[in-house]
Amino acid sequence: MEGNYAVYFGSGQAGKVQVLRQGLYLRFICRCRLSGDVICRLIARVNGKQENLGVLVPMDDGFGLDTRIPAKRLGEGEPEFQLIPKGGETGGTFVPLSPEEPFAYIERLKDAFLARQNGQLGVVIPP
């Protein structure tokens, strides 16, 4: 499984992932070019198994991730890497943030995440 692989966001390539074997672990070094409007998770798929590798963070004039997981979690095979919007797999309600107005969903912030929709900053409240 070691090597360099493309990372896709939708149908286009957004970056690359380098996979290194370190003993019983696989190390994933990802670097992508993203707008930063949406928080994205890196997903690895191998032989029908799917693993969430984490959220990309600002790094090296773009976004990236450096993480390790036990090699047995994915198994052997040719991996595919995909970026998905954080929370995009579950939907949710977008609530715009306004400094002048009180926030009515304060008790539901524990599971919420920050997002930008149509240029406006807000919070996505999971269903």
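Visitor: What does valine 38 count as in terms of relative accessibility?
Guide: Valine 38 counts as partly exposed, at 37% relative accessibility. Buried means under 20% relative accessible area, exposed means over 50%, and partly exposed is in between, with a 1.4 Å probe and protein chains only. The model is predicted, so local features need pLDDT of at least 70 and side-chain atom pairs count only at pLDDT 80 or more, while totals for chains, interfaces and linings use all residues. Residues are numbered from 1 along each chain as its sequence is written, and side-chain values use heavy atoms, with hydrogens and water left out.

Visitor: Where is valine 38 found?
Guide: Valine 38 sits in the loop between strand 3 and strand 4 (40–46). Strands here are DSSP runs (E, at least two residues) and helices are runs of H or I of at least four, numbered from the N terminus. In space, the C-alpha atom of valine 38 is 8.2 Å from that of glutamine 117, although 79 residues separate the two in sequence.

Visitor: How many helices and strands has the chain?
Guide: There are zero helices and 11 strands. Of the 127 residues, 35% count as buried. The C-alpha atoms fill a box of roughly 50 × 30 × 25 Å along the principal axes.

Visitor: What is the strand order in the open sheet?
Guide: The order is 5-4-8-1-2-3-7-6, eight strands with mixed pairing; two strands pair if DSSP finds at least two bridges between them. Strand 5 (49–55) and strand 6 (57–59) stand at the edges with a single partner strand each, so one side of each has no neighbour in the sheet. On average, neighbouring strands of this sheet are turned by 30° against each other, direction ignored. Axes are lines fitted to C-alpha atoms (for helices over the stretch in contact), and angles run from 0 to 180 degrees between N-to-C directions.

Visitor: How many bridges join strand 2 to strand 3?
Guide: Eight bridges join strand 2 (residues 12–22) to strand 3 (residues 25–32), and the two run antiparallel. Valine 17 stands opposite cysteine 30 of strand 3. Strand 3 is also joined to strand 7 (residues 62–70) by eight bridges, again antiparallel. There, arginine 27 has arginine 68 of strand 7 as its bridge partner.

Visitor: And strand 6? How many residues are between strand 6 and strand 7 in the hairpin?
Guide: Two residues lie between them, and aspartate 60 in the turn has a positive phi of about 50°. Strand 6 and strand 7 run antiparallel, with three bridges, and methionine 59 is partnered with glycine 62 in strand 7.

Visitor: What does aspartate 60 meet in a salt bridge?
Guide: The side chain of aspartate 60 meets that of arginine 31, at 3.0 Å from N to O. A salt bridge is a side-chain nitrogen of Lys or Arg within 4 Å of a carboxyl oxygen of Asp or Glu. Aspartate 60 lies in the loop between strand 6 and strand 7 and arginine 31 in strand 3, so the pair ties together parts that are 29 residues apart in sequence. Aspartate 60 is exposed at 60%, whereas arginine 31 is partly exposed at 30%.

Visitor: How many salt bridges does the whole structure have?
Guide: The search finds three. One of them pairs arginine 27 with aspartate 66, the closest N and O atoms being 2.7 Å apart. That pair links strand 3 and strand 7 across 39 residues. Another joins arginine 73 to glutamate 51 at 2.9 Å between the closest N and O atoms. Arginine 73 is partly exposed at 40%, while glutamate 51 is buried at 13%.

Visitor: Changing topic: how many disulfides are there?
Guide: Zero are found in the whole structure, a disulfide being a pair of cysteine sulfur atoms within 2.5 Å. For cysteine 32, the nearest cysteine sulfur is that of cysteine 30, at 3.5 Å. For cysteine 40, the nearest is that of cysteine 32, at 8.3 Å. Cysteine 32 is buried at 5%, and cysteine 40 is buried at 3%.
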